[in-house]
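Q: Hi! Could you walk me through this one? I'd like to start with how it is divided up.

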Amino acid sequence: MAFFNKVLVANRGEIACRVIRTLRRLGIASVAVYHDEDRKAPHVGLADEAVRLEGKVPSGAYLDGAQIIAAAKAIGAAAIHPGYGFLSENAGFAEAVAAAGLIFVGPHAEVIRLMGDKIRSRDFAAAHGVPVAPSVTEDDAGEDFVAKAAAIGFPLLIKASAGGGGKGMKIVRKPEELAENIGLAKGEAGRYFGDPRVFAERLVEQPRHIEVQVLGDGTGNVIHLYERECSIQRRYQKIIEEAPAPNLPAGLRERICAAAVRLASAAQYRNAGTVEFILGADGEFYFLEMNTRLQVEHPVTEMITSLDLVEVQLRIAAGQGIGHAQEDIRITGHAIECRICAEEPDHGFRPATGRIGLLALPSGEGIRFDGGIVAPQAVTPAFDSMLAKLIAWGEDRDTALARLERGLAATAVMGVPTNLDYLLRVVGHPVFRVGTLDTGFLERFAADIAAPDGDDETAIAAALAAALGDPLFRDLAFGVPEPHASIGGWRN
Amino acid sequence: MSYEIRRDKADLHLDIRARRPALGVVLAERLHRLDELAAVEGRFAIRVDDREFSGWRLVTSDRIEIRLEGRSFVFERREGVARTDAAAGSGDEVRAEMPGTLVAHHVEIGTEVALGARLVTIESMKLQVTIAAPRAGVVARLHVAEGATFERGAVLVSLAPPAAQEG
């Protein structure tokens, strides 16, 4: 029944720990890899065996596919689980793993390539009846570009074909402004990219980010595990995710999930994967991209479906199929995840470093903490700033929210600044509480979510507690050295 | 005597006014009664006035971090800044820093006092505090009778310059 005898986990941090935990539970020997900077990291100790990777740059070691494959072969691992990030969506690595006679716990390299290409994946989606944002390219439309763009409807987004970073991008709300803005965009595109071509796309305002978890066996057999709402983002970086999406009409949920299954099935997708959509206020949804790996936010889906996605990934990779039928998948309750990052929200979210001097983890019913940190441990700029994830489950959203708040307050990661306080303020926001979410949330309510002035009872108590932690203050307060004792204070 | 610590680039002054039966500390112009209930391996519990607080505390060489009620506070330690108020207290008027009741006079008009001598005991926030002479001098006037109440900033005692040294 065991899917493999031994699996190498080509990752670090919380996701390596999370994958290793499932391997242990399934009785599969686990192999960690690590750069010297991580030699004391939890994933190394958690695994049955560990292989040190050479690399001048720490992150480079985890991206060194040849070295990782060699390590897997040398230690006798049958498969490699890539986690997320690093090599997880590297088609060349997937091919190399297979060429080495090992199993890549992920999709076929060709599918990784297809979904990794924005234009090709979008065309593929459209060809299989998955809605994509209406658009028209100058190349296709030629002389009729302005008229065809106007036909999409307003507001419109004009983008440089070769572009990025907002250059050559214009939002057009009125038909009479279209021609002029296309001209402006072309001028900018030409100056910045040396390529004046632009295209027009329907602008979805205040969109929600809804994504569907799918499982495919590689033969076109695909099921979905419903959706996740990931609209709480900052600069396209997800911060809080939940499942199921709040206030999503049942019919719309069905259509979105069906579209995701259609896409993955058409691609003969193998592995767990995620199809991302943007959902407009008008209920129209459009394909964004497909992530061909386990996602950071997969725990919320696990919490509401009681499935272990890593176990399903391993089962599929071992050729034993998905192991579950669509009609077996039931949503129970609600789950919300917060990403705990080493950063300073009150100072422009700049990444923070330091040494974790004190770590207190939350526990209790419905609380899950996926971490890869210990105290003392240095948090360096070498890796991603995400330290851990706190996930709370409840019978309903309100219960999950209450547990999440308690869990965040019961979590202490000290010695390095984190966004814990910020997360609590977001979760406590009245609009978040009613679940009216869109990707502009954090920006729109930035003032509400800002740190409070520190002159209230809690701040006073904190200052007093800090003083009590200082030997200097204790000396003054309890040591009673003369002549200080003569100034104020009690006399007996 | 006062102790200073920094938060968000601002100095916080903590003035220890009483030690027993509980610490009396003036912070942000208010006297607080402070009881330390527990302190074990980074966890602490304190009572401030009538409210209990428990959280985590991390003390490093230059900082003290507090996590309390879902909020994080970082304080910078300021080594060696503790000082007595006597240095600053050269004034002739001893004022109340918080409203309260005058419990007892320890001096009479005309009493010659040294720096730090007990002048009066007051009670604020259920805490009795003895006010000490900010400098040497002669008690010129006692402004508040025993048992009477006063507002914050009220003058309690006036001091005249000390009598000229003989010889």
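A: Happy to. One definition to begin with: the domain bounds come from an automatic or database domain assignment. With that in mind, chain B is divided into domain 1 (2-56) and domain 2 (81-160). Bear in mind that this is a predicted model.

Q: How far apart do the C-alpha centres of domain 1 and domain 2 of chain B lie?
A: The C-alpha centres of those two domains of chain B lie 23 Å apart.

Q: And how is chain A divided?
A: Chain A has domain 1 (6-105), domain 2 (134-202), domain 3 (208-449) and domain 4 (453-492). Taken over C-alpha atoms, the centres of domain 2 and domain 3 of chain A are separated by 34 Å.

Q: How many bridges pair E2 and E3 of chain A?
A: Strand E2 (residues 29-35) of chain A pairs with E3(A) over 5 bridges, in the parallel sense. You can find A:Tyr34 opposite A:Arg52 in E3(A).

Q: What about H5 and H6 of chain A, at what angle do they pack?
A: Helix H5 (residues 91-99) and helix H6 (residues 109-116) of chain A pack at an angle of about 180°, and their axes are 8 Å apart. H5(A) and H6(A) are therefore roughly antiparallel to each other.

Q: Which residues meet there, between H5(A) and H6(A)?
A: From H5(A) you have A:Ala91, A:Ala94 and A:Glu95, and they meet A:Ala109, A:Ile112, A:Arg113 and A:Gly116 in H6(A). By class, this contact of H5(A) with H6(A) has 4 nonpolar, 1 polar and 2 charged residues.

Q: Switching topic: which strands of chain A make up the antiparallel open sheet?
A: That sheet has 4 strands in the order E6-E9-E7-E8 of chain A, with antiparallel pairing. Strand E6 (135-137) and strand E8 (170-172) of chain A stand at the edges with a single partner strand each, so one side of each has no neighbour in the sheet. On average, neighbouring strands of this sheet are turned by 20° against each other, direction ignored.

Q: How many bridges join E7 and E9 of chain A?
A: Strand E7 (residues 156-160) and strand E9 (residues 198-202) of chain A run antiparallel and are joined by 5 bridges. A:Leu156 stands opposite A:Arg202 in E9(A). H9(A) packs on the sheet too, touching E6, E7 and E9 of chain A, and its direction makes about 170° with that of E6(A).

Q: And H10 of chain A, which strands does it lie across?
A: H10(A) lies across E7, E8 and E9 of chain A, running at about 25° to E7(A).

Q: At what angle do the axes of H9 and H10 of chain A cross?
A: Helix H9 (residues 145-152) and helix H10 (residues 178-193) of chain A have axes that come within 10 Å and cross at roughly 115°. That makes H9(A) roughly perpendicular to H10(A). H9(A) passes H10(A) in a right-handed crossing.

Q: Which residues of H9(A) and H10(A) meet?
A: A:Val146, A:Ala149 and A:Ala150 in H9(A) meet A:Leu178, A:Ala179 and A:Ile182 in H10(A). By class, the contact has 6 nonpolar, no polar and no charged residues.

Q: Over to chain B. Which strands pair with E14 there?
A: Strand E11 (residues 112-113) of chain B is joined to strand E14 (residues 137-142) of chain B by 2 bridges, running antiparallel. B:Glu112 has B:Val138 in E14(B) as its bridge partner. E14(B) is also joined by 4 bridges to strand E16 (residues 155-160) of chain B, again antiparallel.

Q: Last one: how many residues does the contact take from chain A and from chain B?
A: The contact takes 40 residues from chain A and 53 residues from chain B. On the side of chain A that touches chain B, H19(A) gives the most, with 12 residues. By class, that side of chain A has 26 nonpolar, 9 polar and 5 charged residues.

Note on methods: Residues numbered from 1 in each chain as written. Chains lettered and ligands numbered in written order. Predicted model: local features only at pLDDT ≥ 70, side-chain atom pairs only at ≥ 80, totals over all residues. Axes fitted to C-alpha atoms, helices over the stretch in contact; angles between N-to-C directions. Parallel < 35°, antiparallel > 145°, perpendicular 65-115°, else oblique. Left-handed = near helix turned anticlockwise from the far one by under 90°. Contact = placed C-beta atoms within 7 Å. Nonpolar A, V, L, I, M, F, W, Y, C, P; charged D, E, K, R; others polar. Pairing = 2+ DSSP bridges.
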